[in-house]
Amino acid sequence: MSMNCKNCKAELISDSDYCNVCGAKVIRNRLTFRNLFEHISETFFNYDNKLLRTIIDLFKKPEAVIVGYIDGVRKQYVNPISFFGLALTLSGLYMLVLNKYFPETFDFSMLTVEGQEEMQARNMSFIQKNMSLVMMFYVPVYALIARITFIDLKRFNYTELLVVFMYWQAQISIISAFVTVLICSIFGTSQGILSIIYMPIMVIYAAYVLKRIYNLNFGQIILRTLFFLVIAIVFMMILSVIMAITMFFNGDMEQMIEAQKAAKEATAYTASTFKNWTS
């Protein structure tokens, strides 16, 4: 008795387990709790699963995932857009969980300059509400910086570097989402402290990925990483100048200066009072 694929409608070869046209698995049995559980296990916990294999191999051999996709290998791993989309979803969920159950972890006081508390609070609120936009903004920026950093190496064009940093950003975001929720829920560690810890880890992992895909030695990647960081700092300085100009015309700069003056006066008054009290 002939059968047709339920997905692409192609006629199946007798006793086929997979469609020879679209590759979909042939389902002959009705849905039960047992085969539903088997499907869930196969989807999320099986090493042969694309998602799990992508995450593991982005640590073990990132060149196989990234360069493989760029060179045309599209079935073995999750494609960068889907992987990045998953990262955006998980980042949104972990921000929701932290805001709802662990709001005290959103403490960035150690990273705030005195007198800029209100501005810092607004910035952090914007980042929390627009995490997806922030993540998408950084990918083309990092790709551009990498294009400049490796301008003498013609291995990848700008579009291919977008793929590199989509995988990198997604991998960092997925892992940090789980780790952050775990650490914050158990230890109550502030995100300010975690951001300080994550920063060097992100740089090291980016250097590791770039070393593998460009096939560089240790000394070469150290120099390229330093060059990358210099360009990133210059970019951030330019961005800061643009933000300062915007704040000036919006009147926020004057408010910030007044807040800093008030903070300094309050500190001086407190110190003077304490000195008089103890003398």
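Leaving aside its neighbours within four places in sequence, Thr-149 contacts Arg-224, Phe-227, Phe-228 and Ile-231. This residue belongs to a predicted model, whose protein chain has 10 helices and zero strands. Thr-149 itself is part of helix α6, and it is buried, with a relative accessible area of 1%.

**The chain as a whole**

- Along the sequence, the secondary structure of the protein chain reads α-α-α-α-α-α-α-α-α-α.
- The protein chain has 279 residues, and buried residues make up 34% of them.
- Among the contacts in the protein chain with a separation of 6 or more, 63% are accounted for by residues 24 or more positions apart.

**Helix α6**

- The 19 residues of α6 should span 27 Å at 1.5 Å a residue, and the end C-alpha atoms of the helix are 27 Å apart, so the two values agree.
- The buried residues of α6 are Met-131, Val-134, Met-135, Val-139, Val-141, Tyr-142, Ala-143, Ile-145, Ala-146 and Thr-149.
- Thr-149, with which this briefing began, is thus one of the buried residues of α6.

**Packing of α6 with α7**

- Two packed helices are described by the angle between their axes and the distance between the axes.
- Helix α6, residues 131-149, packs with helix α7, residues 158-187, at an angle of about 130°, and their axes are 8 Å apart.
- Because of that angle, α6 is oblique to α7.
- The crossing in which α6 passes α7 is right-handed.
- On the α6 side, the contact is made by Met-135, Tyr-138, Val-139, Pro-140, Tyr-142, Ala-143, Leu-144, Ala-146 and Arg-147.
- On the α7 side, the contact is made by Tyr-158, Leu-161, Leu-162, Phe-165, Met-166, Trp-168, Gln-169 and Ser-173.
- By class, the residues in the contact of α6 with α7 comprise 14 nonpolar, two polar and one charged.
- Met-135 of α6, for example, takes part in the contact with α7 and is also listed among the buried residues of its helix.

**Packing of α4 with α7**

- Helix α4, residues 80-101, also packs with α7; here the angle is about 25° and the axes are 8 Å apart.
- An angle of about 25° falls under 35 degrees, and α4 is therefore roughly parallel to α7.
- The crossing in which α4 passes α7 is left-handed.
- The contact of α4 with α7 has 19 nonpolar residues and five polar ones, with no charged residues.

**Met-95 in helix α4**

- Met-95 is placed in helix α4.
- This residue counts as buried, because its relative accessibility is 6%.
- Met-95 and Ala-177 are 82 residues apart along the chain, while their C-alpha atoms are separated by 8.4 Å.

**Helix α2 and what covers it**

- Helix α2 runs over residues 50-60, and its buried residues are Arg-53, Thr-54, Ile-55, Asp-57 and Leu-58.
- The cover over these buried residues includes α3 (62-70), α4, α7 and α8 (191-214).

**The segment before α1**

- Lys-9 is located in the segment before α1, a helix of residues 33-44.
- Although Lys-9 is not a glycine, its phi is positive, at about 70°.
- Lys-9 counts as exposed, because its relative accessibility is 60%.
- Asn-20 also lies in the segment before α1, and it is exposed, with a relative accessible area of 52%.
- In sequence, Asn-20 and Ala-10 are 10 residues apart; in space, C-alpha to C-alpha, they are 8.4 Å apart.
- With its neighbours within four places in sequence left aside, Asn-20 is in contact with Glu-11 and Ile-13.

**The loop between α8 and α9**

- Asn-215 is found in the loop between α8 and α9, the latter covering residues 218-250.
- Phi of Asn-215 is near 55°, which is a positive value in a residue other than glycine.
- With a relative accessibility of 68%, Asn-215 counts as exposed.

Key:
Residues are numbered from 1 along each chain as its sequence is written. This is a predicted model: local features need pLDDT of at least 70, side-chain atom pairs count only at pLDDT 80 or more; totals for chains, interfaces and linings use all residues. Side-chain values use heavy atoms; hydrogens and water are left out. Axes are lines fitted to C-alpha atoms, for helices over the stretch in contact, and angles run from 0 to 180 degrees between N-to-C directions. Helices (H or I, at least four residues) and strands (E, at least two) are DSSP runs, numbered from the N terminus. Angles under 35 degrees count as roughly parallel, over 145 as roughly antiparallel, 65 to 115 as roughly perpendicular and the rest as oblique. A crossing is left-handed if the near helix is turned anticlockwise from the far one by less than a right angle, and right-handed if clockwise. Contact means heavy atoms within 4.5 Å. Ala, Val, Leu, Ile, Met, Phe, Trp, Tyr, Cys and Pro count as nonpolar, Asp, Glu, Lys and Arg as charged, and the others, Gly among them, as polar. Buried means under 20% relative accessible area, exposed over 50%, partly exposed in between (1.4 Å probe, protein chains only). The expected span of a helix is 1.5 Å times one less than its number of residues.
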